[in-house]
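Subject: Structure for you to look at

Dear colleague,

Here is the structure I said I would pass on. My notes on what was found in it follow below.

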Amino acid sequence: MSAALPPRTIDSDAPAAASGTVGLLLTGGGARAAYQVGVLKSIARIARDCGAADVNPFQVITGTSAGAINAAALACQADHFQGAVLEIADVWRHMHAAQVYRADSLSMIRTGAPWLTMMSIGWAVNRWRRIKPKSLLDNSPLQALLHRLVQFERLPMLMAQGHLRALAVTASSYSSGQHVTFYECEDDLPPWTRSQRIAVRATLSTQHLLASAAIPFVFPAVNLPLVDDTEWFGDGSMRQAAPISPAVHLGAERVLIIGAGRMHEPPGRRTESNGYPSVAQIAGHALSNIFLDALAVDIERLQRINATLRLLSPEARARTPLRPIEALVISPSQRLDDLAAQHIDALPVAVRTLLRAVGVSGQGVMARGGALASYLLFESDYTKALMALGVADTQARRQDVIDFFGWRSALGQNTARQLASA
């Protein structure tokens, strides 16, 4: 099921017993975020096999877009890690598009059709009728799902009890163009400011998740308070130059990064067709740029900083504000575009009809527009396949996971007991 084992991505010498604040970064990707849940399931299983206590192994949890939803759900049950992972997995295992956006024919006519009309002949229609659709899809059902899945009211208690240090959710402001990380924490951690990106301490809510997961053009923007005003926000993956940064600012010294594609996918050039690209192909390419490329660049930056710090003397290292960050990256070993192409027919008929209008067609090897579909395919056949891939990819990195957390494998524990009794 998995491709060849990718190189281990740990950027500093792992100690015999892992120490330091551990962070978790969950990236965006719409329906692709189901892959993250498979990885978390596998990590929970490895922890159980190693006899690790059922405690949250991540003191800092950060997320963007759909990854912010998984991050918040995990953080709000930080006192019971195993149970939290099982509950999140159960939601994704039984996922249907109607739980995320209105997928019936009438809703497609109300939202999708006007949006496509504006994109095509809106210049003419608007002369006689004011049509101002907010988005391609109406994601109002997602709000009800989030209220059931994420219990934000538990965060202060969990932080006070030491189960969690911080939770951060990132969104992008359409109003100001700034990239904003909203964070909630127990400690007195000051906000930070960088070029075109800021951090704001806030009491997190469902609205922050809806904003972070508002895929551009596809889902509507969300109005959020910011300092003394309010601004309109969309998907946090837009203009995200440094995805790892919030976890580091919030104190993480080691970060588990769960991606949603391309870094460990099989190599090789792929072409979908030789004809002129459809709207779906262009949109899929644009979304991949938004969701996937910034993370790979930031990981390379982290590796360069770590390599530079290793060249410095202890005295010189003490004088720089930079510090080495250990990172373990787990991402899909298969192309999720191809996986989505196998399940396009699982989408509701009305959604397939709408997507067909922009170039999504066929299934399997004959499919077109699989990249776009991979972000919108909130259907159980696809999400279960993604979770299974996440489990398999993580099991293939089992020893890396054990080393990263400083756990001892069951084999190592048995050997130690045998030596002690000899």
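V227 is exposed, with a relative accessible area of 72%. The residue sits in the loop that joins β7 (222-226) to β8 (229-234). Its phi is positive, about 60°, although V227 is not a glycine. Please bear in mind throughout that this is a predicted model.

Q196 is a second case of this kind: a residue that is not a glycine, with a positive phi of about 65°. Q196 also belongs to a loop, the one between β5 (193-194) and β6 (197-201). Its relative accessible area is 43%, so Q196 counts as partly exposed. As background, most residues other than glycine have a negative phi.

Next, the interior. In soluble globular proteins, nonpolar side chains tend to be buried together. Here the largest nonpolar core has 103 residues. Within this core, the residues with the most contacts are F58, L74, Y101, L167, F182 and L256. Helix α1 (residues 34-49) contributes the largest share of the core, nine residues. Another core, of 21 residues, lies apart from it; V60, A168, A247 and L295 are among its members.

How many cavities of 30 Å³ or more does the structure hold? There are three cavities of that volume or above. The largest cavity has a volume of about 170 Å³ and is lined by 17 residues. Nearest its centre are A66, I69, W92, L142 and F378. Two or more lining residues come from each of α2 (66-75), α3 (81-93) and α5 (140-149), and α5 gives the most, with four. By class, the lining of the largest cavity has 14 nonpolar and three polar residues, and no charged ones.

The second largest cavity has a volume of about 80 Å³. Its lining is made up of T170, H179, T181, W192, R197, I198, Q240, A241, A242, S245 and P246. The elements that give two or more residues to this lining are β4 (179-185), β6 and α8. Five of the lining residues are nonpolar, five are polar and one is charged.

Last, an open site. The second largest pocket has a volume of about 480 Å³. It is lined by 16 residues, and S245, V248, H249, I305 and L322 lie nearest its centre. At least two residues of the pocket lining come from each of α8 (245-249) and α9 (279-311). Of the elements, α9 gives the most, with five residues. The lining of the second largest pocket divides into eight nonpolar, three polar and five charged residues.

Best regards

Methods. Residues are numbered from 1 along each chain as its sequence is written. This is a predicted model: local features need pLDDT of at least 70, side-chain atom pairs count only at pLDDT 80 or more; totals for chains, interfaces and linings use all residues. Side-chain values use heavy atoms; hydrogens and water are left out. On a 1 Å grid over the protein atoms alone, a cavity is a set of points where a 1.4 Å probe fits but cannot get out, and a pocket is an open set with protein on both sides within 12 Å along at least five of seven lines; lining residues have an atom within 4 Å of a point. Grid points are joined across faces, edges and corners, and a volume is the space filled by probe spheres set on the points. Ala, Val, Leu, Ile, Met, Phe, Trp, Tyr, Cys and Pro count as nonpolar, Asp, Glu, Lys and Arg as charged, and the others, Gly among them, as polar. A nonpolar core is a set of buried Ala, Val, Leu, Ile, Met, Phe, Trp, Tyr and Cys residues joined through side-chain atoms within 4.5 Å. Buried means under 20% relative accessible area, exposed over 50%, partly exposed in between (1.4 Å probe, protein chains only).
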